[in-house]
Amino acid sequence: MTEHEPVCVVTRITFAGWRSIPGAVLRFRRLRRIGRNEVAGLIDAHLRLRGGATLLFVSLWRDELSLLQFTTLEDHVDAVRWTIRNRGTVWSGVFRLDGTSSMSVPWLGTIEQWHPLATGTVERD
């Protein structure tokens with residue numbers, strides 16, 4: 001990943017029960033507000049409530065440096081510790097934006113138009 005490419009982060013947190021969900025939602029909203037105020041590279045962040053006491057966070061960042069600035073904020077570290085104390089199971093992935101569709105208007109970054117992988121190009125040993 002180069003330092004000036006937009007990145008998307010998807011985080012899935014599952015708790016043993018619904019009791020932890022209100023606290024997690026409040027922490028997400030607070031972190032989103034802090035991120036918007038303190039990290040210039042936060043483009044957007046969303047929360048989805050899923051079945052099984054699961055939250056799904058999706059955030060879009062101007063570049064990897066912006067994401068790193070956010071993850072080192074004390075409030076983010078505190079939220080991670082809270083999740084651990086409440087036995088949240090976490091999966092998180094960071095995805096580099098590789099391209100845009102042919103119908104996309106300029107929005108962020110300098111991403112080339114995305115082209116699907118050619119079908120039928122399987123390598124053989």
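**Close-up views of a predicted model**

Phe15 and Trp82 are both buried (under 20% relative accessible area; over 50% is exposed and in between is partly exposed, with a 1.4 Å probe and protein chains only). The model is predicted: local features need pLDDT of at least 70 and side-chain atom pairs count only at pLDDT 80 or more, while totals for chains, interfaces and linings use all residues. Residues are numbered from 1 along each chain as its sequence is written, and side-chain values use heavy atoms, with hydrogens and water left out.

**View 1. The ring pair of Phe15 and Trp82.** Rings of Phe, Tyr and Trp (its six-membered ring) pair if their centres lie within 6.5 Å; planes under 30 degrees apart are stacked, over 60 edge-to-face and the rest tilted. By this rule there are 3 aromatic pairs. In one of them, the ring centres of Phe15 and Trp82 are 5.8 Å apart and the planes stand at 65°, so the pair is edge-to-face. Phe15 is in the loop between strand E1 (7-14) and helix H1 (21-38), and Trp82 is in helix H3 (residues 74-85), so the pair ties together parts 67 residues apart in sequence. Helices (H or I, at least four residues) and strands (E, at least two) are DSSP runs, numbered from the N terminus.

**View 2. The ring pair of Trp61 and Phe70.** Here the centres are 5.1 Å apart and the planes lie at 40°, so the pair is tilted. Trp61 and Phe70 are both buried.

**View 3. The contact of H1 with H3.** The axes of H1 and H3 come within 10 Å and cross at roughly 165°. Axes are lines fitted to C-alpha atoms, for helices over the stretch in contact, and angles run from 0 to 180 degrees between N-to-C directions. H1 and H3 are therefore roughly antiparallel (over 145 degrees; under 35 is roughly parallel, 65 to 115 roughly perpendicular and the rest oblique). Gly23, Ala24, Arg27, Arg30, Leu31 and Ile34 of H1 meet Asp75, His76, Ala79 and Trp82 of H3, contact being heavy atoms within 4.5 Å.

**View 4. Positive phi at Ala53 and Arg87.** Most residues other than glycine have a negative phi. Ala53 has a phi near 55° and sits in the loop between strand E2 (42-50) and strand E3 (54-61). Ala53 is buried, at 1% relative accessible area. Arg87 has a phi of about 55° and lies in the loop between H3 and strand E4 (89-96). Arg87 is exposed, with 66% relative accessibility.
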